[in-house]
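Colleague: Before I rely on the labels attached to this model, I would like to hear how each one was reached. Could you take me through them?

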Amino acid sequence: MSTTLFRFFVSALKQNLPRHPLRSARHTSMMSVATVENKVANNDKSPELIMNKNLTRFKKRFNKRQWEDTNPNHKENGETDTKRLCGSAERIKRKKMALLLGYCGVDYYGMQRNPGVRTIEEDLLKALFEAKYITEEDFNNQQNAQFQRSSRTDKGVSAARQVVSLKLPLEVDVKEINKNLPESIKVFGVKRVTNKFNSKSKCNARTYSYTLPTYVFEPSLVTIEERKPYRISEEKLEQLKKVLDVYKGTKSYHNFTEKKHSQDPSSLRYMMGFTVDRVFVESDMEFAVLLVKGQSFMLHQIRKMVGLAIAVLRGQADMAIMEKVFGKEKVMIPTAPGLGLVLDTVHYDRYNAKFKDSHDSLTWDAEETEIDKFKHEHIYPVIVKGETEGDSMGVWLEKMRGHSFEPSEDTSEKDDENELAGDDDDDGDDIDDDCEGKNAESVSGGNDDSINTSDGREDEKVHNMKT
């Protein structure tokens, strides 16, 4: 009996209590929405048709559900046949790609992009943007596309096989890119790589070539008339090979760059080889092509290696200096001109071995004919012209005639290098740009002392493994 009375009491209480404010508001809101929808359908433009924030959100959700239900291209898995639109721009699926390119850098202020001057990256990104392979946001800030270069070449330095990595559409037409590029830059090929691929960090070695006239090794030749018919002898060639062979192995190259000391771990560099690749005659002058392969290089390193070899073969320095420069003492080494320096190849041996079953190797064998043609049409002729008409090496040899290998209190190392480098005060050695942001502050790049903090940690690891 008591239970029945209690239920009756609760029922009577519910009827007399006021309705819940939230439930009432929700009921009123739904009625308001229905009223607004009817007015919209009847094109009623009365002042009462004012949607508040909540009604607008409700309508958006309502419209979204209606679109999802009525889309004829909607599939069971949630995908559609049509491409999604972001504003007015079509969203294109992009993946990480590796671009192989070559360029003659004589008329450029280096590879890396710098505001206000002409660079390789600027022209390359402009061509990709005009081909609609990157967006305007990517062009203005290439980091949006995860852009990275394998090696940073400096002012006036060329490259036969430079590799850059960035996100591009799956379908890329190389001809479309080259159509928007000047003749001095050419893209040879593009390959799909892993999503985490970085053209700089995945590169395990670099090969540079240095082309120079052979008369530089003979000190008795003074005039152009004497130098042009000169042909290097087998004996002199063997002497050159012996000098270059000293560079092989892991050594401290603190004397081959700026502001480094013998105890600095980043001065340790591993050279896999330094050889004479070939000798050829062009415009009645004989040239030699030197090839140096190393894990990484520092500022001015290759040009100083060549400069010291020339000094030894000309008799301006004794062969014993080849061991002295790797010791603790400070030795002033002349810096050869940058005209003949070319980034020849970047190597991805470890990457190719790891992903050989899932991705194409970055060896570019199919593009070799096109690369060789570009070198002989756009790179070597510029070097030959600079020597036969501009006398680049001849001017440098005159300045080197009174060079002292001992450090002087009156003349700083930087002044001495600028004097011997002549007009080519930037070099194209592969400076592994860990501090990229600092590099961008320098127009030419070669004189930016901050970039000397290269990847010494990686070199230390290789050095420890080998010793």
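Modeller: Rings of Phe, Tyr and Trp (its six-membered ring) pair if their centres lie within 6.5 Å, with planes under 30 degrees apart counted as stacked, over 60 as edge-to-face and the rest as tilted. By this rule the count comes to 14 aromatic pairs. This is a predicted model, in which local features need pLDDT of at least 70 and side-chain atom pairs count only at pLDDT 80 or more, while totals for chains, interfaces and linings use all residues. Residues are numbered from 1 along each chain as its sequence is written, and side-chain values use heavy atoms, leaving out hydrogens and water.

Colleague: What makes Y351 buried, and why is F355 called partly exposed?

Modeller: Buried means under 20% relative accessible area, exposed over 50% and partly exposed in between, with a 1.4 Å probe and protein chains only. Y351 has 4% and is therefore buried, whereas F355, at 22%, falls in between and is therefore partly exposed.

Colleague: How do you know that the charged end of K191 sits over the ring of W364?

Modeller: The term requires NZ of Lys or CZ of Arg within 6 Å of the ring centre and within 35 degrees of the ring normal. The charged end of K191 is 4.7 Å from the centre of the W364 ring, and K251 likewise lies over the face of F326, at 5.1 Å. F326 also belongs to a cluster linked by ring pairs, together with Y247, Y253, F256 and F274.
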